[in-house]
Amino acid sequence: MEIVYDALVVLHLLGMAGIVSGVVARSVAPAGPAPAITMYSAGAQVLTGVALVGIASAGLVAAEPDNTKVAVKLGIAVIVLVLAHILWRRPESGKGVFYGLAGFTLANVVIAVFW
Ligand code: HEM
């Protein structure tokens, strides 16, 4: 199961890279495909994150999940997903949605590393 967990961590990190690349792509080419990349990557973060926690909580790997940290990360990830969905449906929506998405993503990276 360790190999599955590690593979999910890789997908989780690629999902983060996907959101970041979507944010960068939108800031240089606002009319490009960034909203779809961002939304699918945000969805991947929620799915891979929940799967990681599920495997760890089941005691199948050595990692011990911190439930408070996970709850905060999940809440933020859902906000990121909702904002990504808004940007996808309404690419012309205000800068607040875009900066909010970028900020909450950064917050989850900081929480993942420092908490
Ligand atoms: C925007 C959403 C998210 C971002 C940007 C993000 C980012 C990250 C990053 C950068 C790491 C690696 C940290 C490290 O190895 O030190 C990580 C690990 C992790 N994340 Fe997330 N995350 C997100 C959402 C979630 C969600 C929703 C969950 C769970 C519900 C979650 C659960 C985890 C877990 C369990 C790990 C530890 C993996 C390990 O054992 O190394 N993440 N996340």
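Helices here (H or I, at least four residues) and strands (E, at least two) are DSSP runs, numbered from the N terminus. The structure is a predicted model, in which local features need pLDDT of at least 70 and side-chain atom pairs count only at pLDDT 80 or more, while totals for chains, interfaces and linings use all residues. Residues are numbered from 1 along each chain as its sequence is written.

Is Thr 48 buried or exposed? A residue is called buried if 20 or more other C-beta atoms lie within 10 Å of its own, exposed if 12 or fewer, and partly exposed in between, with C-beta atoms placed from the backbone. Thr 48 is buried, because 20 other C-beta atoms lie within 10 Å. Two residues are in contact if their C-beta atoms, placed from the backbone, lie within 7 Å, and, with neighbours within four places in sequence left aside, Thr 48 is in contact with Leu 8, Leu 11, His 12 and Gly 15. Val 110, by comparison, is 62 residues from Thr 48 in sequence and 18 Å from it in space, C-alpha to C-alpha.

Ala 42 also has its place in helix H2, and this residue is buried, because 28 other C-beta atoms lie within 10 Å. Not counting residues up to four places away in sequence, Ala 42 touches Ile 19, Val 80, Leu 81 and Ala 84. Ala 42 and Met 16 are 26 residues apart in sequence, and the distance between them in space is 7.7 Å, C-alpha to C-alpha.

The next topic is the arrangement of the helices. Two packed helices are described by the angle between their axes and the distance between the axes. Here the axes are lines fitted to C-alpha atoms, for helices over the stretch in contact, and angles run from 0 to 180 degrees between N-to-C directions. The axes of H1 and H2 come within 8 Å and cross at roughly 155°, which makes H1 roughly antiparallel to H2. For such labels, angles under 35 degrees count as roughly parallel, over 145 as roughly antiparallel, 65 to 115 as roughly perpendicular and the rest as oblique. H1 passes H2 in a left-handed crossing, where left-handed says that the near helix is turned anticlockwise from the far one by less than a right angle, and right-handed that it is turned clockwise. The residues of the contact of H1 with H2 divide into 17 nonpolar, 10 polar and 1 charged; in this classification Ala, Val, Leu, Ile, Met, Phe, Trp, Tyr, Cys and Pro count as nonpolar, Asp, Glu, Lys and Arg as charged, and the others, Gly among them, as polar.

H1 (residues 2-28) also packs with H4 (residues 95-114), at an angle of about 150° and with the axes 11 Å apart, and the two helices are therefore roughly antiparallel to each other. H1 passes H4 in a left-handed crossing. On the H1 side the contact is made by Met 16, Ile 19, Val 20, Val 23 and Arg 26, and on the H4 side by Phe 98, Leu 101, Ala 102, Thr 105 and Val 109. By class, this contact of H1 with H4 has 8 nonpolar, 1 polar and 1 charged residues.

For H3 and H4, the packing angle is about 155° and the axes are 9 Å apart, so that H3 and H4 are roughly antiparallel to each other. H3 passes H4 in a left-handed crossing. Among the residues that make the contact are Ile 76, Ala 77, Val 80 and Ala 84 of H3 and Phe 98, Leu 101, Asn 108 and Ala 112 of H4. The contact of H3 with H4 has, by class, 16 nonpolar, 3 polar and 2 charged residues.

The ligand brings the helices together in one description. It is surrounded by 21 residues, of which the closest are Gln 45, Gly 49, Ala 77, Asn 108 and Ala 112; a residue is near a molecule or strand if its C-beta atom, placed from the backbone, lies within 6 Å of it. At least two residues of the shell around the ligand come from each of H1, H2 (34-57), H3 (67-89) and H4, and H2 gives the most, with 6 residues. By class, the shell around the ligand has 15 nonpolar, 5 polar and 1 charged residues.

Leu 60, finally, has its place in the loop between H2 and H3, and it counts as partly exposed because it has 13 C-beta neighbours inside 10 Å.
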